[in-house]
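The sequence and the structure are shown first.

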Amino acid sequence: MVISEPKRRIGVMGGSFNPVHCGHLRVARDVKQRLELDHMFLMPAGQSPLKAQHSVSARHRVAMLELAIEAFPELELDLREVNRAGRSFTVDSLSALRREFGSEARLYFVIGDDCLASLHQWRRWKDIVSFTNLIIAKRPGSFPPPEHEVEAWLKSTQVDCDIVGSMPSGGVARMDCALLDISSTQLRSGLEGHDALNQVIPEPVIEYIRHHRLYR
């Protein structure tokens, strides 16, 4: 990724994308539109620190992402975590992004609110906003609450979406996005039974999964 212009507005959504589904794609698209971003990148993890070995290799997950964004040309891929050896610590990637784009760029890292319950387990999780803003996309359903320390931190850093849109880093904002009540974990179970996949996974990705006999 080579983008050197100052004051660019850059969004990044991390995750395993195992497999990528329409919920990921629609949230990324909505955040890009809402914050009027110049670029919105999907950044697959090589190896998520909080998960055991992924059931599908990074090579396959990247291939599925490449197929998925054919229908979402406004989205792009950032493969730094796949190309970096070892576990994929988010704070390391965000630090690198800040160095690349400079102090004036406005950076936004996107997570779903289902991630808040485990946020305290992320390496140097409070440092995320030292490098970027944090956008929390609301997901349907109910999730375990975050730890008290995280809850207090959120209250001290949360700002309105209109305000975070003008900040290079340091803010946390919650955002309503296109809702799709599905998770990759649920999809992996559904894939075994071929349940209505085309409603939640792009057709080229379904064909890829079946061709390579993944998730069996």
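Rings of Phe, Tyr and Trp, the last taken by its six-membered ring, count as a pair if their centres lie within 6.5 Å; planes over 60 degrees apart make the pair edge-to-face. The model examined here is predicted.

**Aromatic pairs**

A search of the whole structure with this criterion finds two aromatic pairs. One of them is formed by Phe109 and Trp122, whose ring centres are 6.5 Å apart and whose planes make an angle of 75°, an edge-to-face arrangement. This pair links distant parts of the chain, since Phe109 belongs to strand E4 and Trp122 to the loop between E4 and helix H5 (128-131), 13 residues apart.

Trp125 and Trp153 also form a pair: the ring centres are 5.2 Å apart and the planes stand at 85°, so the geometry is edge-to-face. Trp125 is located in the loop between E4 and H5, whereas Trp153 is part of helix H6, so this pair ties together parts separated by 28 residues in sequence.

Residues under 20% relative accessible area are classed as buried.

| Residue | Relative accessible area | Class |
|---|---|---|
| Phe109 | 2% | buried |
| Trp122 | 18% | buried |
| Trp125 | 8% | buried |
| Trp153 | 9% | buried |

A further ring takes part in a contact with a charge. The charged end of Arg123 sits over the ring of Phe89, at 3.7 Å from the ring centre.

**The sheet and its helices**

Strand E4, which carries Phe109, belongs to an open sheet of six strands in the order E3-E2-E1-E4-E5-E6, with parallel pairing. Strands E3 (76-77) and E6 (172-175) each have a single partner strand and stand at the edges, so one side of each is left without a neighbour in the sheet. Helix H1 (residues 22-34) packs on the sheet, where it touches strands E1 (9-15), E2 (39-44), E4, E5 and E6; the direction of H1 makes about 150° with that of E2.

Within the sheet, E4 (residues 106-112) and E5 (residues 133-137) run parallel and are joined by five bridges. Ile111 has Ile136 in E5 as its bridge partner.

Helix H6 (residues 148-157) lies across E5 and E6 and runs at about 95° to E6. Trp153, the H6 member of the pair with Trp125, therefore belongs to a helix that lies across these two strands.

Notes:
Residues numbered from 1 in each chain as written. Predicted model: local features only at pLDDT ≥ 70, side-chain atom pairs only at ≥ 80, totals over all residues. Heavy atoms only, no water. Pairing = 2+ DSSP bridges. Helix = DSSP H or I, 4+ residues; strand = E, 2+ residues; numbered from the N terminus. Contact = heavy atoms within 4.5 Å. Axes fitted to C-alpha atoms, helices over the stretch in contact; angles between N-to-C directions. Phe/Tyr/Trp six-rings, centres within 6.5 Å; stacked < 30°, edge-to-face > 60°. Buried < 20%, exposed > 50% of the residue type's maximum accessible area, 1.4 Å probe, protein only. Lys NZ or Arg CZ within 6 Å of the ring centre and 35° of its normal.
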